[in-house]
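Try each task before you read its solution.

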Amino acid sequence: MVIALDLGTSSARATLYDARGRAVDGRFHQVRYAPSTTRDGGVEHDPARLLDAAAACLDAVVRAARHDDVQAVGITAFWHGLLGFDAGHRPVTPLLTWADSRSVREADLLRDALDEDALHARTGCHLHTSYWPAKLRWLARERPADVRRIDRWGSIGEHLELAFFGEAATSLSMASGTGLLDQETLGWDVEALAAAGIDRARLFPLVSPSDGRRGLRAPWAGRWPALRSVPWFPAIGDGAASNLGSDCTDPGRIALNVGTSAALRVVTDADTSPPRGLWRYRLDRRRSVLGGATSEGGNVYAWCRQVLQLPDEDAVERALAERAPDVHGLTVL
């Protein structure tokens, strides 16, 4: 058995899977939450609340498993989230999500100052408010006192590792969504770091997504004795996990995901620069995830259901199936 823990933009979920990759009935738990927003474009999460949600999901799933059932824990998290930690591993800043647009001025300045096409070719990311260079410069301008307290920058994945193990690393998958990773060398990009105003010492070590960590520390080891010695694998980007889970793992299949945001993604092992307007992230050292996204997905569906007073979801799905064209090789999640 393997536990899959997903930290999304609007909820945390954990599921127990058997050796064939099938979800085990009754071994699923979800905790919903919502980011806080500000009138100037801020979209933030409280990292303590996300940690509590993840722990509650694990509580429910581990409680339903026999002591010797679980062989590993896999984690996926939303890409692009930015969180600052002090030297004691405590969060200093809220977690700024991909939707936080307060750094638009910084993104514009960076586009004027840098060769965006060359940076996009190396990092797979545009100079945009979703990514870390603009966000880090905005934080340095708006919250300098907080920035001076930061020892390292990471994501919610590193927050969980620090809480559970006392140390953390960043998977290549999560790093590829920051706008700071050179995807050819698989190391931090010097120009992107300079644009962000930080150096590599302020980031966590880079690891492969297959590098598991063992040895939960107290009090978690006592809370989940079944997980004390099993490998916990570093968080990978939720989009990469979406393609894996839907078996869209080669250029012949495209995954359409409609979550809080919506995206089309294809996995490829070709080392080619993404076309302008698309992004390129990493699944692992060998495979890239190429695609594009919109900022609204499931939220639009929820709005339509409420405003248009649509029938129950099963009825909506039946109606869509009757009218939808037969699209070969398209997986809808």
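**Exercise 1.** Find the helix that holds Val307, and decide whether Val307 is buried, partly exposed or exposed.

*Solution.* Step 1: Val307 belongs to helix α11, residues 298-307; helices are DSSP runs of H or I with at least four residues, strands are runs of E with at least two, and both are numbered from the N terminus. Step 2: the relative accessible area of Val307 is 44%. Buried means under 20%, exposed over 50%, and partly exposed in between (1.4 Å probe, protein chains only). Val307 is therefore partly exposed.

The model is predicted: local features need pLDDT of at least 70, side-chain atom pairs count only at pLDDT 80 or more, and totals for chains, interfaces and linings use all residues. Residues are numbered from 1 along each chain as its sequence is written, and side-chain values use heavy atoms, leaving out hydrogens and water.

**Exercise 2.** State how many disulfides the structure holds, then describe Cys57 and Cys248.

*Solution.* Step 1: a disulfide is a pair of cysteine sulfur atoms within 2.5 Å, and the structure holds zero. Step 2: Cys57 is buried, at 0% relative accessible area. Step 3: Cys248 is buried too, with a value of 0%.

**Exercise 3.** Give the strand order of the open sheet of three strands, and explain which strands stand at its edges.

*Solution.* Step 1: the order is β4-β5-β8, with antiparallel pairing; two strands pair if DSSP finds at least two bridges between them. Step 2: β4 (36-37) and β8 (95-96) each have a single partner strand, so they are the edges, and one side of each lacks a neighbour in the sheet. Step 3: two bridges join β4 to β5 (residues 43-45), and Thr37 stands opposite Val43 in β5.
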